[in-house]
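The sequence and structure are shown first.

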Amino acid sequence: MFKPLIATALLLTSGWAIAAEPPLTAALYAQQLGVGIDVDWARTERGIREFDPLVVRDFRAKGLTHVRIRVADEPTEARLIHLRKLVEACEQYGVIPIISYQADEYKNDPKADNEKEVINWWIAVAHYFGQSSPLLGFDLIYEPADKLNHNQASLNRVYEKTIKVIHSIDANRMIFIAPRLRAAPEDLSSLKLPAHSQNYLLAEWHIFPWGPLKNNGKYPWTSGTAAEKAAIHNRINTALHWQQKTGHVSWVGGWGVGESNRFTPTASQLAFATFMACELQKAKIPYAINADFQFYDGEEGAWRPAPEPLLQTMITPECEKPAEKPGHHAVKPAAHDAGHGTPAAASTVKSAAPSASSANPD
């Protein structure tokens with residue numbers, strides 16, 4: 001008589017121990033993104049040809065926890081098969097994949113036909129992945145710019161329709177939308193957000209995608225003056241204020257320090273990288289580094305030695321704590337190092353020829 005009741009009571013009281021993990025929300029997803037990197041594994045012929053799943057392992061060992069997979073051209077069967085190969089490699093090695101569509105024709109001419117093309121592109125990709133790969137994110141338009149800068153109504157319309165159709169296929173898919181002016185944080189407020197979308201919709205924005213470039217004869221970063229730091233801090237604060245106002249979270253889809261793959265980083269580059277990484281981490285905004293080929297030689301399957309100090313700074317910077325005196329740094333977190341594993345090139349013989357889907361994406 002009592003045994004079933006006791007058993008039921010035990011199940012009820014111990015339920016907390018066996019309860020399922022909380023449902024994934026955009027806020028939890030952002031926390032998991034951490035530091036990632038932009039990749040050309042599905043954009044350029046070389047990137048497609050050179051991709052080896054063990055590259056993902058090397059990235060994870062270095063401390064990178066997501067990749068932004070930039071994609072151009074039509075979602076042909078071969079290209080979709082290649083994307084699945086990338087996503088499965090990411091799942092195998094614990095890296096979050098984000099597919100980012102370039103949508104070049106639409107950005108150059110945001111007419112009705114090109115709006116429809118973007119929506120149809122995502123319908124094909126969303127159907128292909130269905131409800132699989134729950135950590136896979138969709139970054140709808142890579143850097144809205146060009147003529148699209150002058151057509152906010154079109155951009156919001158494409159976002160609204162695409163979000164709706166993707167979530168009719170998978171209600172839990174994480175989606176990123178970016179503002180105009182190449183994802184400028186100052187334009188986040190112009191995005192039209194669906195009601196009650198805080199749990200599945202994130203914003204993508206960035207500053208310094210290729211580093212501090214000269215504008216009107218001036219560089220926005222020289223030696224890291226108080227004014228230069230304040231200007232960067234203010235732009236990050238713009239995104240933070242938008243987050244607080246809307247309840248949504250955001251992600252910096254890519255930033256860099258300029259060309260670095262053939263050079264030992266300069267003191268100015270390292271200082272800029274430290275400041276940017278520390279400010280973003282302090283703001284708890286995940287970010288991706290632009291871009292993989294600057295730091296990793298896909299053909300060799302190995303990290304490039306010259307920019308290695310810069311990469312480590314961008315992933316795990318030494319940040320000063322507010323109470324510390326200048327020059328006294330917090331203990332640098334132990335970075336995952338590729339040395340703990342054998343680099344991709346040494347661990348396996350790369351296939352002599354890529355798969356058909358990789359070699360001929362069209």
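Val-67 is found in strand 2, residues 66-71. Helices (H or I, at least four residues) and strands (E, at least two) are DSSP runs, numbered from the N terminus. The model is a predicted one, in which local features need pLDDT of at least 70 and side-chain atom pairs count only at pLDDT 80 or more, while totals for chains, interfaces and linings use all residues. Residues are numbered from 1 along each chain as its sequence is written, and side-chain values use heavy atoms, with hydrogens and water left out.

**Val-67 and its surroundings**

Val-67 is buried, with a relative accessible area of 1%. Buried means under 20% relative accessible area, exposed over 50%, and partly exposed in between, with a 1.4 Å probe and protein chains only. Neighbours within four places in sequence aside, Val-67 is in contact with Ile-37, Val-39, Trp-41, Phe-59, Cys-90, Val-95, Ile-96, Pro-97 and Ile-98. Contact means heavy atoms within 4.5 Å. Val-56 is 11 residues from Val-67 in sequence, and their C-alpha atoms are 8.9 Å apart in space.

**Overall figures**

The protein has 16 helices and 10 strands. Its residues number 362, of which 51% count as buried. Among contacts with a separation of 6 or more, 78% are between residues 24 or more positions apart.

**Helix 6**

One of the contacts of Val-67, Cys-90, is a buried residue of helix 6. An α-helix has 3.6 residues a turn, so residues three or four places apart point the same way.

Helix 6 covers residues 77-93, and at 1.5 Å a residue its 17 residues should span 24 Å. The expected span is 1.5 Å times one less than the number of residues.

Gln-92 is exposed, with a relative accessible area of 56%. The C-alpha atoms of Gln-92 and Leu-54 are separated by 9.9 Å, and the two residues are 38 apart along the chain. Just after helix 6, Gly-94 takes a positive phi of about 75°.

**Backbone features elsewhere**

Ala-183 lies in helix 10, residues 180-183, and is buried with a relative accessible area of 0%. Phe-208 is in the loop between strand 6 (201-205) and helix 11, and is buried with a relative accessible area of 13%. Both residues have a positive phi without being glycine: near 65° for Ala-183 and about 55° for Phe-208.

The peptide bond from Asn-290 to Ala-291 is cis, with omega near 10°. Ala-291 is in the loop between strand 8 (287-289) and helix 13 (292-295).

**Helix packing**

Two packed helices are described by the angle between their axes and the distance between the axes. Axes are lines fitted to C-alpha atoms, for helices over the stretch in contact, and angles run from 0 to 180 degrees between N-to-C directions.

| Helix pair | Angle | Axis distance |
|---|---|---|
| Helix 11 (residues 226-246) and helix 12 (residues 267-282) | about 30° | 11 Å |
| Helix 12 and helix 14 (residues 308-315) | roughly 20° | within 8 Å |

Helix 11 and helix 12 are therefore roughly parallel to each other, and helix 12 is likewise roughly parallel to helix 14. Angles under 35 degrees count as roughly parallel, over 145 as roughly antiparallel, 65 to 115 as roughly perpendicular and the rest as oblique.

In the pair of helix 11 and helix 12, the contact is made by Lys-229, Ile-232, His-233 and Ile-236 of helix 11 and by Phe-272, Phe-275, Met-276, Glu-279 and Leu-280 of helix 12. These residues divide into six nonpolar, one polar and two charged. Ala, Val, Leu, Ile, Met, Phe, Trp, Tyr, Cys and Pro count as nonpolar, Asp, Glu, Lys and Arg as charged, and the others, Gly among them, as polar.

Towards helix 14, helix 12 uses Gln-269, Leu-270, Ala-273, Thr-274, Ala-277 and Gln-281, which meet Pro-309, Leu-310, Thr-313, Met-314 and Ile-315 of helix 14. By class, this contact has seven nonpolar, four polar and no charged residues.

Six of the eight residues of helix 14 are buried, so helix 14 is largely enclosed by the rest of the structure. The buried residues are Leu-310, Leu-311, Gln-312, Thr-313, Met-314 and Ile-315.
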